[in-house]
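Here is a short report on one structure. It looks at a helix contact and then at charged pairs.

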Amino acid sequence: MKPSARICLHALVASCTLVAVETESRAEPTLTPPAEIKAKVEAARPLRGAPIPSDLKSRLGTTHYDGHYNRTDKPFLIEGADEIQRLGLGVAKFWLHEAGLPGYRYNSDWGIPLDRDLVNVLKHPYYKAALSHPFSTVILEVFPLVGDKSNFFTGESDFADEEKEFHAIASYLLKTYADRDIRFILQNWEGDWVLRRKDWTTWHTVPPEEVDRRCKEFVKSLAARQRGVERARQEVSATKAKVYHAAEVNRVWDGMDGIATLTTRVLPQVTVDLVSWSCYDGLGSAVRLWQGIEIIRQSMRPSPTFGKNAVFIGEIGRPEAGLKERDVVEFWDECMGVVFAMQIPLVVQWELYCNEPKDGTKQLRHPRRADELKGFWWIRPDGSLSYGGNYLSTLLKFAGTKLPAQTIEKLLSCDATAATAPAKADPKKPRP
């Protein structure tokens, strides 16, 4: 369905949906008309001659976790951090949770007891080496400390552990990196999947009272994390480092169909510094991506830190296996047109090394060949830049100016295809 048609049906759908819907009245978001969006995005696209922001390095990043290949004999976390710096990116996203860190397994022996003390993880030599790079922003993805990501909020909790842990993490970062102008963002993993737990395919059948309970628990959890970070900021003032708390959402458009989401049921009830959007449900068009950001902005309660410009793209990617290079380049250029036109503060590509085998056996973490993977990558197993990685690296090279005509021509003249059939991501399926 086209976004314009979807908007017209919002009121009808919301009034007819009885399951997993807000009981209180909620104003419909005010969305920019599609024609206006398309014009603004076209005017901001680098391949259409638009200038590239000079601060792109401090806004563009990638994620490093659970890649299914490695290229050096270094500990995997350090290898990824080294590569992100080599690419010239100022933004890096890593996973932070207790012992094992299976997504950083190659050439690694973490040797950390399962005590859920995440400060000890940050003190590990691997993490200290990764954070020694001159990144301007480091995003740390922290899973719930109550239950686990597939069975969240099973009982009553005041979330004191969440507040205590986030206070400890924020305090450590503010003190340890006090002499650096760096910001850390602590956030959850795709919150709508956490909210739905194992009910992601049958969420519409979950009883309203259970939906309401989970939403209230999620509000309490985010509030506890925010309190922990705010207390640390108040206590540690003699520092150049900054620590912020973000909530990540990933099913924004479901809320426009009357389905309970973090955006519609949780964000309006809790103050957070930032909201990260894992935006696969917004990648159908520039209009859908743009309006999804507007929906989040109008739903959240931002702290005074960032105000209305508190929404960033925390995860965005497209599997390249089997796709034409030109199609991938056009995809990224349109997305960056939205980012630039809306002045989005951060955009984080998924991901440095691909983590998704075509056969779906993610738990089998042996190194894979390129033809075994879907192609969510900046760097391929052979060390070459992916189609999207080459485009984004080209933007970095010309940040502060425009792409030369010959560069645009070269990017748009690409028609090479991969040898395998296209692998499309299922935006409805969790991707832990």
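At what angle do the axes of helix 2 and helix 10 cross? The axes of helix 2 (residues 34-44) and helix 10 (residues 286-299) cross at roughly 105° and come within 9 Å. The two helices are therefore roughly perpendicular (65 to 115 degrees). Helix 2 makes the contact (heavy atoms within 4.5 Å) through P34, I37, K38, K40 and V41. Helix 10 brings A286, V287, W290 and Q291.

## Basis of the model

This is a predicted model; local features need pLDDT of at least 70, side-chain atom pairs count only at pLDDT 80 or more, and totals for chains, interfaces and linings use all residues. Residues are numbered from 1 along each chain, and side-chain values use heavy atoms, without hydrogens and water.

## Salt bridges

The count comes to 33 salt bridges (a side-chain nitrogen of Lys or Arg within 4 Å of a carboxyl oxygen of Asp or Glu). E330 pairs with R48, with the closest N and O atoms 3.7 Å apart. E330 lies in helix 11 (residues 325-341), and R48 in the loop between helix 2 and strand 1. They are 282 residues apart. Both belong to a network of salt bridges that links E42, R45, R48, R326, E330 and D333.

D273 and R233 also meet in a salt bridge, at 2.8 Å from N to O. D273 sits in the loop between strand 8 and strand 9, and R233 in helix 8 (residues 208-235). D273 is buried (under 20% relative accessible area), at 0%.

Notes: Axes fitted to C-alpha atoms, helices over the stretch in contact; angles between N-to-C directions. Helix = DSSP H or I, 4+ residues; strand = E, 2+ residues; numbered from the N terminus. Parallel < 35°, antiparallel > 145°, perpendicular 65-115°, else oblique. Buried < 20%, exposed > 50% of the residue type's maximum accessible area, 1.4 Å probe, protein only.
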